Amino acid sequence: MFQIVEARRLAPSVNQFKIAAPEIARKRRPGQFVALRINEEGERLPLTIADADPVAGTITLIFQEVGKSTAQLGKFKAGDRLSDLVGPLGIPTHVEKFGTVVCIGGGIGIAPVYPIAKAMREAGNTVLSIIGARTKDLLILEEEMRRVSTFLKVSTDDGTYGYHGFVSDILQDLIDQGTAIDLTVAIGPVPMMRVICNVTRNRNIKTVVSLNPIMVDASGMCGACRVTVGGKTRFVCVDGPEFDGHQVDFAELVKRQRAYLEQEKRALESFKHDGGACRGGKC
Amino acid sequence: MEETSPKKKKPQVPRQKMPEQEPKVRARNFDEVPFGYSPDLAKLEAGRCLQCKKPSCVQGCPVSVDIPSFIWLILENDFPGAARKLKEMNSLPAVCGRVCPQEDQCEKVCILGKKGEPVAVGRLERFAADYEQAHGEFVMPQMASPTGKKVAVVGSGPAGLTLAGDLIKKGHGVTIFEALHKAGGVLVYGIPEFRLPKAIVQAEVDYLQKLGVEMKANMVIGKIYTVDELLANGYDAVFLGTGAGLPTFMNIPGENFNGVYSANEYLTRSNLMKAYLFPKYDTPIAKGKNVAVLGGGNVAMDSARTALRLGADNVYIVYRRSKKELPARIEEVHHAEEEGIQFHFLTLPVEMLGNEDGWVCGMKCQRMELGEPDESGRRRPIPVPGSEFKLEVDMVVVAIGTGANPLIPSTTPDLQTNKWGYIVADPETGATSKKGVYAGGDIVTGSATVILAMGAGRKAADAIHQYLMG
């Protein structure tokens, strides 16, 4: 069992847990993820490790409540325990001194981009970060991102904070101003990553994206997470989660992410209807 | 005296069938198909054994179970004794009684089989083991005094479980590292409940823990620790029994449409994650109405029968050779046929077709004919020109085999692998190219059977014991 030592709400329906997992905390590197299972009936849920403290023996996970499992997880408090936690999984981000690295996070995607920005800065890069959210209330990790970035720009879709528009608009501006960019890292909703890749493709700027398809075992055994990259089928869990964004078949990824939409809706409705988490003995 | 010796007397009773669920009923539930022998049936069957002086069945068994003796004990009404006799050589008799291909092993060489039907060794094994699980009390077996040595076992499938049981009894400390959240490997993620109830596997795992084996789930070796780190962290030897867990796809167009599963994914969702109980369990699974399963092995049969139980109207096994070449156990093919699985032999899928939402909606296939034998000795299937046709399906399970997961070899530089990525190990000892590291089961041989993996675990346990004590 894995104990939640700290539970914080970062934004409406966005939660941050610190979980006691000393072995994972020691071993994990930026870009890697874990798979967790809430209880005996739970599914295996992949989540990127947002941060880790090897001394305290904790890892930080940030997640948005979108389906039944994340809604159930959102009811958990400090002191509660998760049935299973496995990691670190996936190939770590390739970090070296590239020069100027633009780190872009959209929505909940700011959580996985944060450890990468931090590592890129520590490796001596100039880190230009762009983060965005639908609206001001949903923006997370602004202070953390500012701390690890050379500069930080913020956008909101509705203009309630920062630049009124999309993160891709800010990137376009940077490019138009003649900023030399050696690498772009973009993590967020698929439409966002796709637009970013379209922007950078024209300028031949290498762009790394981190993908979050449906997974089951998350260790290369099942192939649920397969995605087409450069015309070849790859498994995100073991070959990724990061790939060259210019090679990713995003249209296929979107369709595959929606494979269980009906069941997910049904599960979430029945969870809310039944009073949800209370039946799990967790509140 | 004209009496012939009892050994030469022909058996009077026919081979006893196990009572089982009606095909129509069982095709819609996940309960085990056969109920197993009653004590009376078991004794009737046990009485058929000729108690040969030089029993060929023992040689036919990969772990050399003393078959005549355990059968004799059943006849003597000593069912727990029969189970103990089995366990001298086979640590998982309740599992093997269910999933061993006996027709290719012990029963194949049974002397009775020359003229009639062989003794039902597997069914008797299952009976004795089940009796012990149901009635037996835990008896601590003979344990050697602690040696102070520690062994790390990577993977909790049949090879790892067998080896762990052997080594703990020899006095070594044993820790099993399992990547998934539950122990048992293919016995829990792969083989369905209706063929191998999970409670039986759990009982075997519980037994090992009672003997002192430490079970660490959720540990992906190669990620959380490398093999070198295990050796540096106090383990004197490492056994790699990670299985052949990498799914193989056809590499034909359209394979990434939704509704196309690897058998590994389909069975893992259903078995390990219990998706057949969705929404009580959170993991969903597609419920196809017309399902094609590609391949002809046991995994293909398991997938097809699972699809039927999840409510499919039509389930097709699509196999590129003919019925004669099916690699599945005869009993599995028979059960599948009884339940209404439809077979498309000599058929090769060449393309998956999908709709606008990205869901599979059909499969383009080609008819095959059999040509000259290939390197496997089976007649090679050759496409028949102009024979393409479309099969209407809304779900496909690809069950054409598995490969080696590269996770451990890629993080263990001095571990030698062959061209398919399997670990090179001495077939007699399991010794690899790396000192103190042994391997066995599917990660060495490629996909094989539970009992062969157990045999490899047994041999490696002996070799590791020698290595540690030498």
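A nonpolar core here is a set of buried Ala, Val, Leu, Ile, Met, Phe, Trp, Tyr and Cys residues joined through side-chain atoms within 4.5 Å. Buried means under 20% relative accessible area, exposed over 50%, and partly exposed in between, with a 1.4 Å probe and protein chains only. With that in hand, let us walk through the structure.

This is a predicted model, in which local features need pLDDT of at least 70, side-chain atom pairs count only at pLDDT 80 or more, and totals for chains, interfaces and linings use all residues. Residues are numbered from 1 along each chain as its sequence is written, chains are lettered from A and ligands numbered from 1 in the order in which they are written, and side-chain values use heavy atoms, leaving out hydrogens and water.

**The cores**

The largest nonpolar core has 76 residues, and those touching the most other members are Ile67(B), Phe70(B), Ile74(B), Leu124(B) and Ile464(B). Helix α17 (residues 450-469) of chain B gives this core its largest share, nine residues. Another core, of 55 residues, lies apart from it and includes Ala35(A), Ile104(A), Leu174(A) and Val260(B).

What is Ile74(B) in contact with, leaving aside its neighbours within four places in sequence? The list is Ala42(B), Lys43(B), Ala46(B), Phe79(B), Ala82(B), Leu124(B), Phe127(B) and Ala128(B), where contact means heavy atoms within 4.5 Å.

**Chain B as a whole**

Chain B holds 17 helices and 16 strands. Helices (H or I, at least four residues) and strands (E, at least two) are DSSP runs, numbered from the N terminus. The radius of gyration of chain B is 23 Å, close to the 23 Å that the globule rule gives for 470 residues, so the chain is as compact as a globular protein of that length. That radius is taken over C-alpha atoms, and the rule is 2.2 Å times the number of residues to the power 0.38. Along the principal axes, the C-alpha atoms of chain B fill a box of roughly 70 × 65 × 50 Å. Of its 470 residues, 56% count as buried. Among contacts in chain B between residues at least 6 apart in sequence, 69% join residues at least 24 apart.

**Helix α10 of chain B**

Helix α10 (residues 198-210) of chain B has 13 residues, which at 1.5 Å a residue should span 18 Å, and its end C-alpha atoms are 18 Å apart, in agreement. The expected span is 1.5 Å times one less than the number of residues. Buried in α10(B) are Lys198(B), Ile200(B), Val201(B), Glu204(B), Val205(B), Tyr207(B) and Leu208(B). An α-helix has 3.6 residues a turn, so residues three or four places apart point the same way. The buried residues of α10(B) pack against several elements of chain B, including α5 (79-89), α7 (121-135) and β3 (214-216). After the helix comes Gly212(B), with a positive phi near 110°.

**Strand β14 of chain B**

From strand β14 (residues 395-398) of chain B, Met395(B) and Val397(B) point one way and Val396(B) and Val398(B) the other, and all are buried. Strand β6 (residues 260-262) of chain B runs parallel to β14(B), with Val260(B) as the bridge partner of Val396(B). Strand β7 (residues 290-294) of chain B also pairs with β14(B) in the parallel sense, and there Leu294(B) is the bridge partner of Val398(B).

**The sheet of chain A**

Chain A has an open sheet of seven strands, in the order β6-β1-β2-β5-β4-β3-β7, with antiparallel pairing. Its edge strands are β6 (81-82) and β7 (84-89) of chain A, each pairing on one side only. Helix α3 (residues 110-122) of chain A packs on the sheet, touching β4 (45-53) and β5 (58-64) of chain A, and its direction makes about 40° with that of β4(A). Axes are lines fitted to C-alpha atoms, for helices over the stretch in contact, and angles run from 0 to 180 degrees between N-to-C directions.

Two strands pair if DSSP finds at least two bridges between them. The table collects pairings from both chains.

| Strands | Sense | Bridges |
|---|---|---|
| β1(A) and β2(A) | antiparallel | six bridges |
| β2(A) and β5(A) | antiparallel | seven bridges |
| β4(A) and β5(A) | antiparallel | four bridges |
| β6(B) and β14(B) | parallel | three bridges |
| β7(B) and β14(B) | parallel | four bridges |

In β5(A), six of the seven residues are buried. Thr58(A) in β5(A) is the bridge partner of Ala20(A) and stands opposite Asp53(A). β4(A) and β5(A) form a hairpin with four residues between them, and Gly57(A) in the turn has a positive phi of about 75°.

Strand β4 of chain A also contains Pro46(A). Leaving aside its neighbours within four places in sequence, Pro46(A) is in contact with Phe33(A), Val34(A), Ala35(A) and Met215(A).
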